[in-house]
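Hi everyone, thanks for making time for this.

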Amino acid sequence: MSTPTTLTHLIDIASLHAGLIERLFACADYLRQQPGLPAGVAEQLRHVHAVNMFYENSTRTQLGFEVAARQLGLHISNLQSEQSSSVKGESLTDTFHTLVAMGYRLFNIRHPQVGSAQQLAALAPEGVHIINAGDGVHAHPTQALADAYTMRDHFGQVAGLKVVIAGDLRHSRVARSNIALLNLLDAAEIRLVAPPEMDLQPAPGHAAVRSYQHLEDALPGADVVMLLRIQMERMDELEIPDRETYLRQWGLTPERMRLAGADARIMHPGPLNRGLEIDGALADGAQSLILRQVQLGVFVRMAVMLTMLAPQQSWPQNHESC
Ligand code: CP
């Protein structure tokens, strides 16, 4: 039985399957190689209006979607939430219905409330698509797809990789989406490391997940070391007096990175705190894939939007499709 390769909304990793993810990655490969889309596909996209609705700060996700949308030939708008009528009390759903009435068909939404993207997806009329760009601590699926695609680009495949994820797991939607995706793509080990106050409780029940008390124990044999941002406002929750002490006890230092070995690669979804969760020289060094994640994230976001707006069956026959 063939698996469906259509994508109406992207809310979290649980709503995806391995076949669809591989198709998205193949589409990103295609977009990196092709100078442009076939005329018939470009024509389908030419009149589509997309909007970034960001109710939390963002640099790479919001602007990554903007660049990706422009590359596809979409019209893209940015709702400035602080200048929008949400400040006057308009609800998220009323804003959504208003924008749908204007003709917007694709919504990239970031919102502090868990479930906000799902809420809009449930209300979306046919032909309107919702992409979750981060909802509270729940999910950030395009970041996880960008991260897995970067691993695939560097190592050839995600299956079999040993990936350390270290930092503030408890408050991280990126960690939750990455753990789910790495599990789906058959990573050999997902090694979780966090101070006790920032640990995931309960730890995800996937067979590949292992929890470690100390970064030193998780690093040997790792292929990827992914650091998460420590939210500065949460430092007070830790029994750690300052950032130097955090770096010394929990952060990625050159000495610790040597335990992983020269072939291991460093990742971070950003924004990063230099000298807190990661030594700045490592972030800029030869083992870092941090800017590659950003660069490839644009193609992954293009692939997601293109798959939603121009499904495979609408591509010209006898043309390599995305
Ligand atoms: N990784 C990530 O979501 O970064 P931004 O908050 O800058 O979008």
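Let's begin with a pair of helices. This is a predicted model, and in it the axes of helix α4, residues 92–102, and helix α5, residues 116–123, come within 11 Å and cross at roughly 45°. Angles from 65 to 115 degrees would count as roughly perpendicular and those under 35 as roughly parallel, so α4 and α5 are oblique to each other. Their crossing is right-handed. Which residues make the contact? On α4 they are L92, T93, F96 and H97, and on α5 they are S116, Q119, L120 and L123. Sorted by class, that gives 4 nonpolar and 4 polar residues, with no charged ones.

Between β1 and β2 the chain passes through helix α3, residues 60–72, in a right-handed β-α-β crossover.

Further along, there's an open sheet of 5 strands, paired in parallel and ordered β7-β6-β5-β8-β9. At the edges sit β7 (209–212) and β9 (265–267), each pairing on one side only. From one strand to the next, the twist averages 20°. Strand β8, residues 224–227, is joined to β9 by 3 bridges in the parallel sense, and M226 stands opposite M267 of β9.

Last stop: helix α7, residues 173–184, lies across β5, β6, β7 and β8, and runs at about 170° to β5. Thanks, all!

Notes:
Residues are numbered from 1 along each chain as its sequence is written. This is a predicted model: local features need pLDDT of at least 70, side-chain atom pairs count only at pLDDT 80 or more; totals for chains, interfaces and linings use all residues. Side-chain values use heavy atoms; hydrogens and water are left out. A crossover is right-handed if, with the strands pointing away from the viewer, the path from the first strand over the helix to the second runs clockwise. Helices (H or I, at least four residues) and strands (E, at least two) are DSSP runs, numbered from the N terminus. Axes are lines fitted to C-alpha atoms, for helices over the stretch in contact, and angles run from 0 to 180 degrees between N-to-C directions. Angles under 35 degrees count as roughly parallel, over 145 as roughly antiparallel, 65 to 115 as roughly perpendicular and the rest as oblique. A crossing is left-handed if the near helix is turned anticlockwise from the far one by less than a right angle, and right-handed if clockwise. Contact means heavy atoms within 4.5 Å. Ala, Val, Leu, Ile, Met, Phe, Trp, Tyr, Cys and Pro count as nonpolar, Asp, Glu, Lys and Arg as charged, and the others, Gly among them, as polar. Two strands pair if DSSP finds at least two bridges between them.
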